[in-house]
Amino acid sequence: MNYRRPVILKLTCPSCGSEDIVKNGRIHNGKQNFKCTACSRQFVEDPQNKRIAQATKDLIDKLLLEKMPLAGIARVCEVSESWLQDYVNRKYEAVPQQVNVSSKKRTFDDSMR
Ligand SMILES: [Zn+2]
């Protein structure tokens, strides 16, 4: 298996959807900043949409079982806490009440809200 995956760097403006995007320097953390020439909206490539490797997700699953706090997992796995919270939420929706040790205890998931 050796298929090529073309790298598409086509960006669209999150505000107006225009594809007339120009580079606009870098923001404080070194990420490329872009600017829409149509509406002047400035933005960086959406870090929330970053693909998380399956290996990282496997690690996160293990750390969740260790009851490690989400903030700690986010640091160790170098993912954003908001992405992780979202991941956990989706995970718990996908596996409803499979592991229900104590129904009286609030899950750590709830306590994070
Ligand atoms: Zn725009």
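A crossing of two helices is left-handed if the near helix is turned anticlockwise from the far one by less than a right angle, and right-handed if clockwise. This convention is used in the first legend.

**View 1. Packing of helices α1 and α2 in the predicted model.** The crossing of α1 and α2 is right-handed. Helix α1 spans residues 54–65 and helix α2 residues 70–77; they pack at an angle of about 150°, with their axes 10 Å apart. Axes are lines fitted to C-alpha atoms, for helices over the stretch in contact, and angles run from 0 to 180 degrees between N-to-C directions. The two helices are therefore roughly antiparallel to each other (under 35 degrees counts as roughly parallel, over 145 as roughly antiparallel, 65 to 115 as roughly perpendicular and the rest as oblique).

**View 2. Residues at the contact of α1 with α2.** From α1, Thr56, Leu59, Ile60 and Leu63 take part, and from α2, Ile73, Val76 and Cys77. Two residues are in contact if their C-beta atoms, placed from the backbone, lie within 7 Å. The contact residues divide into 6 nonpolar, 1 polar and no charged (nonpolar: Ala, Val, Leu, Ile, Met, Phe, Trp, Tyr, Cys and Pro; charged: Asp, Glu, Lys and Arg; polar: the others, Gly among them).

**View 3. The hairpin of β1 and β2.** Strand β1 (residues 21–26) and strand β2 (residues 32–36) pair in the antiparallel sense over 4 bridges; strands pair if DSSP finds at least two bridges between them. Lys23 has Phe34 of β2 as its bridge partner. Between the strands lie 5 residues, and Gly30 in the turn has a positive phi of about 90°. Strand β1 is hardly covered, with 0 buried residues among its 6 (buried: 20 or more other C-beta atoms within 10 Å of the residue's own; exposed: 12 or fewer; partly exposed: in between; C-beta atoms are placed from the backbone).

**View 4. The open sheet β1-β2-β3.** The 3 strands are joined by antiparallel pairing. The edge strands are β1 and β3 (42–44), each pairing on one side only. Neighbouring strands are turned by 35° against each other on average, direction ignored.

View 5. Helices (H or I, at least four residues) and strands (E, at least two) are DSSP runs, numbered from the N terminus. Buried residues make up 6% of the 113 residues.

**Notes to all views.** Residues are numbered from 1 along each chain as its sequence is written. In this predicted model, local features need pLDDT of at least 70 and side-chain atom pairs count only at pLDDT 80 or more, while totals for chains, interfaces and linings use all residues.
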